[in-house]
Amino acid sequence: MSTIIVQGHPRRGMSDASRLVVLVVGGGGREHALCIALAASPSVSEVHVCPGNAGTRLLAQNHPISASDVSAVVELAKELGADLVVVGPEAPLVDGLADSLRSSGIACFGPDSENAMLEGSKLTAKSAMSEFGVPTADYLILDADSDIDSALSSYSESGDPWVVKRDVLAGGKGVVVTTDFEEARTAIEQAIESDGKVLLESFLPGEEASVLVLMDESGYVCLPASQDHKRLEEGDKGPNTGGMGAYAPAPVYTDEVRRKTIERIVEPMHIGLSKKDSPYRGVLYVGLMIDEDGDPYVVEFNVRFGDPECQITLPLIESDLAGHLLACAEGRLSSEHVEFRDSHCLTVVLAAEGYPGSVEKGRRITGDGLIVNSEEGQSSSWINHAGTAWKDGELVSSGGRVLSATGIANSLSEAAESAYSLIDKIQLEGAQFRRDIGHRAL
């Protein structure tokens, strides 16, 4: 077990974080992972979640309120007497959920609407990186008056793909990476017609990794880096998805890469964001591209825990997650000492038939290990529920990514063995999953 001391300066007046009532907002695998960790916290008395899923209902109290209904979520937090609200998805943050909670005197782990635009707008993120000197890909802003063909011709060298990014929240489907000229042009035209403008980026070669950074105005702490498999099929082929599996720590994120990431990206972002009238409070997801020289560049920022990165990062935290999140929400993160397990974690996503396209919901799910009980403690493997629900006393599918099997062990190969041993016990008609999660490191 290792101890990480948060960068920054301790603050006085730390409030008593014992026996917290916590509300988690969202209903996917990320939120189930948060509920597992929070329900196991000695400083938490109650965990509530809205809307939750079939897995969270066994760890917390589900409430049938949409995560996107900001006013209803705020009212629920007031009714529950919530000491802390942890927001999972990005859309409610962009819509001002954190702003409304804080104005009501409720601590919220998640940035306000202005800071949430780091994910809500690619252009906002690019502008911030430019202002703070953070390395990222070059880009053009195209609109209805732009010469698309000329722009495409100038932004592809030596056969590199074009990278087209919509400047809005697009549910993980706002980026097109292609070597096909017509596909790139069509993506640009459609984005301009829909949004008024679009970003055309230069291609960044290298290997991807992600770093989740807890951050407030007092300090920050970097969680273990992870790698996510976005492609549907083995060998990283097929269409992009929301993520078919992930693992941490990622070997490509060496000590030297970590040093460069903190020095060139995390530290400048922290300094810049902390100077704002409303400082950043929450988790900053830093999507990296690491080139052949070990230099990191930012591909994207997200303003929430990634999914499935959350499922394999939280289990590596040995210390009390609830206390850390509350401290961050209250702007005193530098007073916290975060302890990590010297372990490896890997998760494999079980997706419904047809994913990432349209899927048939309501199919029965059976098998061992589907239930996680907060009283059981952490085992070597468990199921994270995502698109699941209870219907007529049975567990059924309710989304594209249905669940994931997660394993933790002293080595990545052992973690993979635990995860795959568990997922092989799950039965869902037409289900699909990859058998090579973690292949870059195994």
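Reader: Which residues does Phe 301 contact, leaving aside its neighbours within four places in sequence?

Author: Happy to start there. This is a predicted model, in which local features need pLDDT of at least 70 and side-chain atom pairs count only at pLDDT 80 or more, while totals for chains, interfaces and linings use all residues. Residues are numbered from 1 along each chain as its sequence is written, and side-chain values use heavy atoms, leaving out hydrogens and water. With contact meaning heavy atoms within 4.5 Å, the partners of Phe 301 are Leu 118, Glu 119, Ala 125, Met 129, Met 269, Leu 284, Tyr 285 and Val 286.

Reader: How many residues are in the largest nonpolar core?

Author: A nonpolar core is a set of buried Ala, Val, Leu, Ile, Met, Phe, Trp, Tyr and Cys residues joined through side-chain atoms within 4.5 Å. Buried means under 20% relative accessible area, exposed over 50%, and partly exposed in between (1.4 Å probe, protein chains only). Those with the most contacts inside the largest core are Leu 23, Val 25, Val 85, Leu 118 and Phe 301, and its size is 48 residues.

Reader: Which helix gives the largest share of this core?

Author: Helices (H or I, at least four residues) and strands (E, at least two) are DSSP runs, numbered from the N terminus. The largest share is 6 residues, and it comes from residues 255–274, helix H9.

Reader: Why is strand S21 described as largely enclosed?

Author: Strand S21 spans residues 344–351. It is largely enclosed by the rest of the structure because, of its 8 residues, the number buried is 7.

Reader: Which residue of S26 is the bridge partner of Val 348?

Author: Two strands pair if DSSP finds at least two bridges between them. S21 pairs in the antiparallel sense with strand S17 (residues 245–248) over 4 bridges, and there Val 348 is the partner of Gly 245. S21 also pairs in the antiparallel sense with strand S26 (residues 401–409) over 8 bridges. In S26, the partner of Val 348 is Ala 405.

Reader: Is Gly 235 buried or partly exposed?

Author: Gly 235 sits in the loop between strand S15 (231–233) and strand S16 (237–240). Beyond its neighbours within four places in sequence, Gly 235 contacts Arg 434 and Asp 436. Its relative accessible area is 42%, so Gly 235 is partly exposed.
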